[in-house]
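Thanks for coming. Please have the sequence and the model open.

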Amino acid sequence: MRDAVVAFCAAAGKEPLLVQGAGGNVSWKDGDTLWIKASGTWLADAAEKDIFVPVELAQLRAAVAAGQFDVKPVVRGESALRPSIETLLHALMPQPVVVHLHAVEVLAHLVDADFVAGFEQALPASISWVAVPYRKPGADLARAVSEALTGSGASVVFLQNHGVVIGADSPAAVTAMLDELVAALRTQPAPGATAAVPAAPIEAGGTVYEPVPDAGVQRLATDPVLFERLSSQWALYPDHVVFLGAFPYLADSPAALEAALAQEQALPELVFVRGAGVFARPGFSTAKQVQLRCYFDVLVRQTGHGRVLALGTAEIGELLDWDAERYRMSLSKQ
Ligand SMILES: [Zn+2]
């Protein structure tokens, strides 16, 4: 099983519309052991590095049965890695292989307030699914998923403003289901003029901001419709907030940016300048850049008449104060 799971992870990890950086996690069950992706590791690295940690499965199942969703997984043997924050989510799914992804073609719908009604229309009857309202990743989310799954027999769980979980007998069966979901839910991105990556950095606040080297991401500043959405439709899902912060830093022009930054105690790492481009301070990590690309990919797919639902300040606050997420962030800076 391990080889097939590793091959699945390495392949999915290379698809930016399926996996972004350290996002997503995969597990398989082997007797009383749950092999789960380690926190902060990248699925794309599965073939080159050992990204899985073995944990005791019976202990987790007993905790779920007792309603103890804040249980700490027990790692078997010696490993410097920590099991994924979503370990319990994987343990409570009965299937041998469980995959959780922030797949863009699915996520683009999960930020729509009425996604459940849309899925009832769009998804084939062969897919057995349940939907769970937004919950903070970790114990709260595991509890909600456990309650939604009880008695359902579902193999797909949609997490509002977050992602999808698929359980199956094998990685091949997961791939087949994922392909079916993506085919049914694919959205044509909104057309728009291709943006060029600005040729030159801008200097503001006494420092240099480099253009983010991604023409898609640049559209967030040069496309007036997308730029308008940045302020009200920023915090759409957890990883976006954890990696890119609670709010975007917006300016109407390079001169306005210069004036605004002169007032700041701490300079923002990432700035959006209307019509001019998206810029970041040197050191803006790859992990953050792929999150930003994911955000563009989700936003550019909001082409229907749906109502985009952003996370509220309470939800954003609990994400940013979260110790396990800080740990994940510290890994992403390496
Ligand atoms: Zn997730």
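The sheet I want to begin with is open and has 7 strands, in the order S3-S2-S1-S4-S7-S6-S5, with mixed pairing. Keep in mind that this is a predicted model. The edges are strand S3, residues 52-56, and strand S5, residues 129-132, each of which pairs on one side only. On average, neighbouring strands here are turned by 15° against each other, if direction is ignored.

As background, strands of a sheet pair through backbone hydrogen bonds, and they do so either parallel or antiparallel. For S6 and S7 the sense is antiparallel, over 4 bridges.

Helix H5, residues 115-122, packs on it and touches S5 and S6. The direction of H5 makes about 170° with that of S5. H2 lies across strand S1 (25-30), strand S2 (33-37) and S3, and runs at about 60° to S3.

Is Pro-83 buried or exposed? Its relative accessibility is 16%, so with the cut-off for buried at under 20%, Pro-83 counts as buried. Leaving aside residues up to four places away in sequence, Pro-83 touches Ile-36, Lys-37, Ala-38, Ser-39, Val-53, Val-55, Pro-73 and Val-75. There is also Ile-51, which is 32 residues from Pro-83 in sequence and 9.5 Å from it in space, C-alpha to C-alpha.

Next, the metal. Which residues coordinate the zinc ion? They are His-100, His-102 and His-162, each through NE2, at 2.0 to 2.1 Å. Along the chain, the donors follow the spacing H-x1-H-x59-H. The pair of His-102 and His-162 links distant parts of the chain, 60 residues apart. His-102 sits in the loop between strand S4 (97-101) and helix H4 (104-110), while His-162 sits in the loop between strand S6 (156-159) and strand S7 (163-168). His-102 counts as buried because its relative accessibility is 7%. His-162 counts as buried as well, because its value is 4%.

The loop between S6 and S7 also holds Asn-161. For context, most residues other than glycine have a negative phi. Asn-161 is buried, with a relative accessible area of 2%.

Back to His-102 for a moment, by way of a residue that touches it. Gln-20 is found in the loop between helix H1, residues 2-13, and S1. With residues up to four places away in sequence not counted, Gln-20 touches His-102, Val-104, Val-290, Gln-291 and Cys-294. At 3% relative accessibility, Gln-20 counts as buried.

That brings us to the division of the protein. Domain 1 covers 2-185 and domain 2 covers 202-332. Their centres, taken over C-alpha atoms, are separated by 27 Å. The contact takes 26 residues from domain 1 and 27 residues from domain 2. How much area do domain 1 and domain 2 bury between them? The figure is about 2400 Å², with 65% of it on carbon and sulfur atoms. On the domain 1 side, Val-111, Tyr-134 and Lys-136 lose the most area to domain 2, and together they make up 22% of what that side buries.

One more sheet, and then I am done. This one is open with 5 strands, ordered S8-S9-S12-S11-S10, again with mixed pairing. Its edge strands are strand S8, residues 202-204, and strand S10, residues 250-251, each pairing on one side only. Helix H8, residues 215-222, packs on this sheet and touches strand S9 (207-211), S11 and S12. The direction of H8 makes about 115° with that of S12.

Within the sheet, S11 spans residues 270-273 and S12 spans residues 277-280, and the two pair in the antiparallel sense over 4 bridges. Leu-270 stands opposite Ala-280 in S12.

That is the end of my slides.

Methods. Residues numbered from 1 in each chain as written. Predicted model: local features only at pLDDT ≥ 70, side-chain atom pairs only at ≥ 80, totals over all residues. Heavy atoms only, no water. Buried < 20%, exposed > 50% of the residue type's maximum accessible area, 1.4 Å probe, protein only. Contact = heavy atoms within 4.5 Å. Pairing = 2+ DSSP bridges. Axes fitted to C-alpha atoms, helices over the stretch in contact; angles between N-to-C directions. Donors = N, O, S within 2.8 Å, 3.2 Å for Na, K, Ca; no water. Domains from an automatic or database assignment. Buried area = accessible area lost by both parts, 1.4 Å probe.
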